[in-house]
Amino acid sequence: MLHFTLKWYLLLVLLFIASTSFTQATLKQYLSGPDFEHPVNWEFKCSEGRNSKVWTTIPVPSQWELAGFGEYTYGRWYKELELEAPSQEEGFYRYRFTVPKNQRGKNITLVFGGAMTDTEVKINGKSAGPIHQGGFYEFKYDVTELIYPGKENLLEVHVSKHSENASVNAAERKADWWLFGGIYRPVWLEIAPMSRIAYAAIDARMDGQLTADLVLENVPATAHIIATIQHVSSKEAFPAKIIKLGNDLSTPNIQVSWVGVKPWTPETPHLYDLQLDVVEDGKVLHRYTKRIGFRTLDFRKDDGIYLNGVKIIMKGINRHTFWPESGRSTSKRISLMDVQLLKDMNMNAVRNHYPPDDHFLDACDSLGIMVLDELAGWQNGYDTELGEKLIREMVQRDVNHPSVIIWDHGNEGGWNTDLDYLFEELDPQKRIVIHPWSDYNGWDTHHYPTYQTGVHRFGAGEHVFFPTEFMHGTYDNGHGAGLEDFWKQYLESPLFAGAFMWAFCDEAVLRSDWTGERKYDGVGSLAPDGILGPHREKEGSFYTVRDIWSPIQFAPTMITPSFNGNFLISNAYLFTDLNTCKMNYRVLRASDAAFYEVAKTDTVVAGDIDLPSILPGETRRINVPLSEAFFSGDWIEIQATDQHGRLLNTWTWPLHKAASFAEKFVRKEPTIVGATVQKREHSIILKGGEVEVIIDQDSGVIRSVNNGEQQIPLTNGPQPIGMEAAIKAVTTFQKDDLAGCVVEYTGGIHSITWTMHSDGRLKMEMLALENAGRSNGFDGAFFEDQINSFGITFDFPEEGVEGIRLFGRGPFHVWKNRIRGTNYGLWDKTYNTTITGESYENLIYPEFKGYYANFLGGHLQAGGNSLRVFSESEQLFLRLFTPDEPKYALPGSHPQPDFPSGNLSFMYEIPAMRSFKDIPHHGPKSQPTSIRIKSGDEGISMKLWFDFRAF
């Protein structure tokens, strides 16, 4: 009978709540716009700098520098930039607003999402409370007694760009980031009943158990709470729960549970709307709502970090809140875009140098990104009194986000250990507190470890290891370059819990005080650290990271005529069975005349691939059915999407060898007259059809090429790269309709044979390092160490080049240690001069110039100077000119390794790109190579076809 009575009582209460309680929910009234893209103009005056000392208007939220006021300052003004102390700008704001008359008798709280930095607030001429210090934190004032509902009210705000508190300036203003001023996050009123839930800190566990530490105000002793949950994307019903408050009516701890909840993980981010109604005598006094996720965190020292009982590995990156036209004033649109980009790179974690926008954490909650939430403190910490206030503001705002899994206390020395206890005191989930870059309390977050790091660190440490910064990405450095080696090594340790690259995007601002061509400022090499451009343009490393961090990993495979359709794949997810993903394939074929006419690519055969149950950590075989048409294609492409339809990665393999592709693509023309060879003074003249090539007999290099219509400016090659060679002898030959010459060398090159065909096709066959004459104790043996570049090079003018059609890996250029993420295909690339990290006015990706892997064929389009080159050799790199170096690079920035002489090169070895650390501190795939040729070896050959004909 008691059960029956309670059931019907609860039903009646819920029916009443449904019809009346909307008036008792907290009302949010914006005084500013909700974001910088939808601002509200306030009256404004800036004390110094541009447009100062006069009252005008400014959009709120905004950073006043981007709105045309004050002066731009970068936080390294005192170090690399060697500048004097920045101006002490102050901003004065006024805004008039009205609160509806029917809100009289409610509690009114004024909330600032963030202001930089010291902020004094007045309502109707009266102080709202103490000056707030600290630029990255949400703060609020109870202004119930200061506001007149139904009448016009005046809000006055005084913001100082630099703080009166020395520790704030040390923690926030002497930092490796842009320093901005102003009210950069929204301002709003929260209007709630006087009897209300003022605050709730929630711990929702994976088994449905929920506890919450509440702060109640003016709640009568006879009231109780009704708790309900609703999955955000389903209609699944959960029973309401009645909670008695007991004797503590100010800060009670409540406990409730539901059966059948779906836990939150980064792969399945289930969310629920929690509703807490304060009810008395069937009347709802206040409705409190919060979006939550049920998940259990377990931090086990000397073991790992567990989420829902599963040991996690974080694949993460560091991110600043930033947009080039608005500074740190962003929007929900940008937050969603950024989290989508994180997911697109197969990342599952992010670290911020300060508390990010709340809508960014909302996006991490809903899309599944684990967050390291950080108290600002770039190498300097806050003092104890202020630090306590800021920790409270940070934790109280962010504690209920399921995405937040760790609290960071400062960065690289920017912590105050006297305050660590406060995180645990305020957080019912008892997340750990780390000091990023330190080995602290069992959690080793060492920054930028070398590949060989050990001695009580990664290699021989006993603490859980997760570097909160690694793979520094200045310009085109880092991120993908060397990541595969580091990641494979890290995964060997059971104490590895993940790592965070530096950084998400380049922080180049649109300078409103600059005119002319250069408008975006990245402060030399200080701000271009991103894997993305400032507007989220994708660099080549974006795709490398997506490949290396894909939850599906393919074992190395080479497709030969013996291929039976089988691939081995591994599951690198934490929680998800691969049978929830989808995989498909298609076999593609380029038209035979793809380099001479409009390229056409056909799909020969396509279909789905059955994915069996493959649990995290397992490896199993999958099969691509082999039809009769399979090997008539040129390459196979496999794509996989996750259970949400997001592309995980694309993989490709060629179906034939390089010689087969050359046979297919090099156009052969019927002729009547054969090729000829002549010796004239110091020249060898090869002629076939309309093509005439003159080779210097003394140096062995091409002096000129004429195709019957004009000179083709491929000259001064082949010159050796990474070896030395001198002419020994030149002989000519004539055979059937072929003519040519053999150039013999001493040194690294044994010989180069040039064969002219009657239709004008020219073949080059180089044999290198056969009995090269450098002995290491064995007769006829050759050994060379520390080789960064190896091959041959030519001169070709960059002026007039329009683009290239390329068959091989693309479309991005590569470094020796950053090849993954590129794919086989027929790529059309337009010429550009993009400098990664600097060409912000015209940032075109993919870049044109640089190295290209697995080169098989190319049509270099340069008007009448065009030429075609095809490779019969495997694993060949094409070097296509030299990328321009940044004009504004600061000393020591190392934007790229040195390129060899010439500008059109064919190479077997190319240099690696450094990532913050020098190359010797990277892994094996970044290191220079060695070559050993023993007596009896055939040496290293390179076979190329040159087609200079005009078509």
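Q: In which sense do strand β26 and β27 pair, and over how many bridges?
A: Strand β26, residues 349-352, pairs with β27 in the parallel sense over three bridges. Keep in mind as we go that this is a predicted model.

Q: Which residue in β27 is the bridge partner of Ala-349?
A: That partner is Met-370.

Q: How many residues of strand β27 are buried?
A: Nine of the nine residues in β27 (residues 370-378) are buried, so the strand is largely enclosed by the rest of the structure.

Q: Which of them point which way?
A: Met-370, Leu-372, Glu-374, Ala-376 and Trp-378 point one way from β27. Val-371, Asp-373, Leu-375 and Gly-377 point the other way, and all of these residues are buried. As a rule, side chains in a regular strand alternate between the two faces of the sheet.

Q: Nice. Switching to helices: is α7 mostly covered or mostly uncovered?
A: Helix α7, residues 483-491, is mostly covered, with seven of its nine residues buried. The buried ones are Leu-483, Glu-484, Asp-485, Phe-486, Trp-487, Gln-489 and Tyr-490.

Q: Let's go to sheets. What is the strand order in the open sheet of six strands?
A: The order is β3-β2-β5-β11-β8-β9, and the pairing is antiparallel. At the edges stand β3 (56-60) and β9 (126-127), each with a single partner strand, so one side of each is left without a neighbour in the sheet.

Q: What holds strands like that together?
A: In general, strands of a sheet pair through backbone hydrogen bonds, either parallel or antiparallel.

Q: Over how many bridges do β8 and β11 pair?
A: Strand β8 (residues 118-123) and strand β11 (residues 152-160) pair over six bridges, in the antiparallel sense. Thr-119 stands opposite Val-159 in β11.

Q: What does Gly-717 touch?
A: Leaving out residues up to four places away in sequence, Gly-717 touches Gly-700, Val-701, Ile-702, Thr-793 and Phe-794.

Q: Last topic, the whole protein. How many helices and strands does it have?
A: The protein comes to nine helices and 63 strands.

Q: What about its overall dimensions?
A: Its C-alpha trace spans about 110 × 70 × 55 Å along the principal axes. A compact globule with 951 residues would have a radius of gyration near 30 Å, and the protein has 33 Å, which agrees.

Q: What share of the residues count as buried?
A: Of the 951 residues, 59% count as buried.

Q: And how many charged side chains are there?
A: There are 91 positive and 121 negative side chains, and the centres of the two sets lie 4 Å apart.

Technical notes:
Residues are numbered from 1 along each chain as its sequence is written. This is a predicted model: local features need pLDDT of at least 70, side-chain atom pairs count only at pLDDT 80 or more; totals for chains, interfaces and linings use all residues. Side-chain values use heavy atoms; hydrogens and water are left out. Two strands pair if DSSP finds at least two bridges between them. Helices (H or I, at least four residues) and strands (E, at least two) are DSSP runs, numbered from the N terminus. The radius of gyration is taken over C-alpha atoms; the globule rule is 2.2 Å times the number of residues to the power 0.38. Buried means under 20% relative accessible area, exposed over 50%, partly exposed in between (1.4 Å probe, protein chains only). Lys and Arg count as positive and Asp and Glu as negative; His and the chain ends are not counted. The place of a charge is taken as NZ of Lys, CZ of Arg, CG of Asp or CD of Glu. Contact means heavy atoms within 4.5 Å.
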